[in-house]
Amino acid sequence: MQFHTKAMNKKAFIFDLDGVIVDTAKYHYKAWKKLANDLGFDFTETQNELLKGVSRVRSLEILLDIGKVTLPDAEKTKIMHDKNEHYLQFITQMGQDEILEGMHEVLLYLKENNIPFSLGSASKNARLILTQLDLIDLFDAIVDGNDVSKAKPDPEVFLIAAEKLGKNPDDCIVVEDAIAGIEAANAAGMISIGIGDKEMLKEADLNLNSTSELSLDLIKKILRN
Ligand code: B16
Ligand code: MG
């Protein structure tokens, strides 16, 4: 029994934010779509898939490529700022009812059982979002877009999270919804759980259709292995 407890305590979780804890993709989409429309082109929900897990600056580059628009750097900085201001209007209205299915229970279970966990997100708004959802105090560490110099698929965000948790990368389990995030987790030498399209996230060690499948039974099984 003692061995079991010890083994459980060795592991740690690292959660992505957008698409794993909360569905902010729809708000990113609204804000990017307005920006695209203001620039004179359309931006579809399918195209929005390309922006998931991607940094803000890279998202703008992808969007401008889609619209075949070239802008000077100063203008890019301004419209990224405007997009974020628009996005924040949605974010600041969010409540706990927007936490993705089962995730609040998972975080509370890990907390109660002293399994450490960190955030590993590309978003520069991560701390604000976690505060808004009243989840921030549950996290043992937070690593977000403000803390990294290299965006996913670079493993930096997850390696910093492991370091902050005092864990070896191979004891960390990453939960991600984006290809770039799964690639980053694998490159960090961590166990990766992909949430979403199995075909798209086929490089994950374990695939789940949605967060509702990340049950407490599954968490317990992962911790035992
Ligand atoms: P922000 P994650 C990512 O968060 C989003 O998936 C991605 O769509 C967004 O562009 C990126 O954060 C940057 O977000 O503009 O808030 O800094 O999935 O890594 O938690
Ligand atoms: Mg994500």
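The side chains of D144 and R127 are joined by a polar contact of 2.8 Å. A polar contact here is a pair of N or O atoms within 3.5 Å; within protein, one must be able to donate a hydrogen and the other to accept it, and residues adjacent in sequence count only if both atoms are side-chain atoms. The model is predicted: local features need pLDDT of at least 70, side-chain atom pairs count only at pLDDT 80 or more, and totals for chains, interfaces and linings use all residues. Residues are numbered from 1 along each chain as its sequence is written, chains are lettered from A and ligands numbered from 1 in the order in which they are written, and side-chain values use heavy atoms, with hydrogens and water left out.

Let us stay with D144. This residue lies in the loop between β3 (141–143) and α8 (156–165). Helices (H or I, at least four residues) and strands (E, at least two) are DSSP runs, numbered from the N terminus. Is D144 buried or exposed? D144 is buried, with a relative accessible area of 0%; buried means under 20% relative accessible area, exposed over 50%, and partly exposed in between, with a 1.4 Å probe and protein chains only. The side chain of D144 also reaches the backbone nitrogen of N146, at 2.8 Å. Not counting residues up to four places away in sequence, D144 touches S121, S123, K124, A126 and R127, where contact means heavy atoms within 4.5 Å.

N186 is partly exposed, at a relative accessible area of 29%. Leaving aside neighbours within four places in sequence, N186 is in contact with S192, E203 and D205. For E203, the backbone oxygen lies 2.9 Å from a polar atom of the N186 side chain. N186 and L130, by comparison, are 56 residues apart in sequence and 25 Å apart in space, C-alpha to C-alpha.

The remaining topic is helix packing. Axes are lines fitted to C-alpha atoms, for helices over the stretch in contact, and angles run from 0 to 180 degrees between N-to-C directions. Angles under 35 degrees count as roughly parallel, over 145 as roughly antiparallel, 65 to 115 as roughly perpendicular and the rest as oblique.

Helix α5 (residues 73–91) packs with helix α4 (residues 56–67) at an angle of about 110°, the axes being 11 Å apart. The two are therefore roughly perpendicular. R56, V57, L60 and L64 of α4 meet K76, I79, M80 and N84 of α5. By class, these residues are five nonpolar, one polar and two charged; Ala, Val, Leu, Ile, Met, Phe, Trp, Tyr, Cys and Pro count as nonpolar, Asp, Glu, Lys and Arg as charged, and the others, Gly among them, as polar.

Helix α5 also packs with helix α2 (residues 25–38), at about 140° and with axes 9 Å apart. That makes α2 and α5 oblique to each other. On the α2 side, Y27, H28, K30, A31, W32, K34 and L35 meet I79, K83, H86, Y87, F90 and I91 of α5. This contact has eight nonpolar, two polar and three charged residues.

Finally, helix α6 (residues 103–112) and helix α10 (residues 216–224) pack at about 40°, with axes 10 Å apart. This makes α6 oblique to α10. Which residues make the contact? From α6 they are E105, V106, Y109 and L110, and from α10 they are L216, I219, K220 and L223. Six of them are nonpolar, none polar and two charged.
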